[in-house]
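Colleague: I'm new to this one. Can you walk me through it?
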Amino acid sequence: MTKRTIHCEHSTLEATVGELATLIRGVAPDDLPTTFETRGPETIRKLGLTSVRMLEFMVEVEDRLGFEWEEELDPAVVSSFDAMAEYLLKRRSR
Amino acid sequence: MDVERIENFDLRYDDSGRLHEAEDGESLYYELRGSGPLITLVSTIYVMSTAWRNFTGDLVKRNRILTYDLRNQGASAETQAPFGQHVNDLLHLLDTLEIEQTYLVGTSISTLICRDFAAAHPERVKGLVLTGPAMSPWGPGRRKRIVRSWLAGLEAGGPEGLFDLIYPIVFGDKMIAEGRGATYLALRERFLAINSKAQLAENLEASLEASDDPALLHALSCPTLLMIGDDDFAASLGAMRAMISLIGQGAVDVIAECGHLPYFEATERFERSVQDFVTGVEEESIARTPKERVLA
């Protein structure tokens with residue numbers, strides 16, 4: 001897979017949440033309900049993705065946003081769109 | 001891990017599944033797909049029955065595939081029972097489905113269930129595939145110490161702590177290196193999502209009841225295949241050779257550059273190994289197959 005680096009122009013939490021929701025829809029178009037919650041706790045976990053869909057999503061976030069996940073992450077970061085977006089915004093500001 | 005298959009993976013409980021009522025009234029979720037020789041894949045503690053769809057895409061084209069959630073797992077009833085109940089549950093499921101004989105495929109801890117079933121009901125098992133066997137030809141000491149260490153990790157750190165213990169030893173060196181953080185985080189997230197601390201503790205405790213008495217291996221009379229990754233923390237080629245010696249017959253397939261879960265890390269080779277074995281038994285050519293193979 002060719003790694004494409006896309007520098008996200010959005011800097012708000014809500015916009016980043018929206019982008020993550022778009023990415024997850026892209027990797028699991030048939031596995032998700034028409035609408036789903038994107039704000040609040042465990043919003044990603046509640047989608048019930050398979051292990052491999054989850055992996056696809058994580059890799060897609062890396063590829064699209066041009067970074068590599070650190071392993072020493074609190075599990076909460078990958079369980080909700082809000083927490084993941086906050087983490088990504090902090091990463092970009094380093 | 002075969003990344004190209006990722007896009008087709010599916011773990012959903014859907015309309016293809018049914019609920020079976022076990023003899024004590026508890027429900028077990030099962031799926032029956034395909035046609036041909038019947039292969040029953042017995043789930044292990046951390047792997048739901050639906051996961052098998054992703055690792056039997058080729059097998060289902062030539063065989064009938066039966067998978068089910070063990071009790072206290074997935075969509076089956078959340079009731080704990082002695083480890084031996086799993087053998088009774090499988091027997092009752094096969095009886096209800098009017099299945100006289102099946103190939104049995106186990107992985108890790110579920111290889112103990114498969115072994116016990118084949119020893120107790122030899123007339124029902126056409127062939128036995130033990131993937132990443134959790135048993136030892138020399139005794140249960142190491143397996144039980146490992147499980148107790150996992151229970152201690154679970155108690156101290158919850159499911160997250162347990163996953164961090166399991167991940168680096170269950171998955172192969174190569175997969176971990178290639179998968180990097182994304183794989184670790186994704187697999188950890190799903191592990192935490194589908195496993196409660198209570199269920200993990202109950203199922204691990206129950207597995208301590210399983211016996212490693214070598215007499216159980218002596219009791220196996222069906223064609224047997226032992227399948228291990230060459231990077232399996234719990235199964236060495238030497239141990240497999242000793243097990244074959246105890247069983248009195250059988251073969252070993254070694255999956256190169258692979259850890260404890262060949263079906264996950266090397267799906268194509270896992271399926272090829274199982275299919276070759278089934279074909280060998282069906283065509284009565286199993287005696288002429290290599291006793292040891294490395295699938296690279």
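Modeller: One term to begin with: a salt bridge is a side-chain nitrogen of Lys or Arg within 4 Å of a carboxyl oxygen of Asp or Glu. Glu62(A) and Arg180(B) form one through their side chains, at 3.6 Å from N to O.

Colleague: How many salt bridges are there between chain A and chain B?
Modeller: The count is 3. Bear in mind that this is a predicted model, where local features need pLDDT of at least 70, side-chain atom pairs count only at pLDDT 80 or more, and totals for chains, interfaces and linings use all residues. Residues are numbered from 1 along each chain as its sequence is written, chains are lettered from A and ligands numbered from 1 in the order in which they are written, and side-chain values use heavy atoms, with hydrogens and water left out.

Colleague: How many residues does each chain bring to the contact?
Modeller: Chain A gives 24 residues and chain B gives 22. Contact means heavy atoms within 4.5 Å.

Colleague: New topic. What is the secondary structure of chain A?
Modeller: Chain A has 3 helices and 0 strands. Helices (H or I, at least four residues) and strands (E, at least two) are DSSP runs, numbered from the N terminus. The order is α-α-α.

Colleague: What share of chain A is buried?
Modeller: Of its 94 residues, 50% are buried. That means under 20% relative accessible area, with exposed over 50% and partly exposed in between (1.4 Å probe, protein chains only).

Colleague: What does Ile24(A) touch?
Modeller: Beyond its neighbours within four places in sequence, Ile24(A) contacts several residues, including Leu32(A), Phe36(A), Phe57(A) and Phe81(A).
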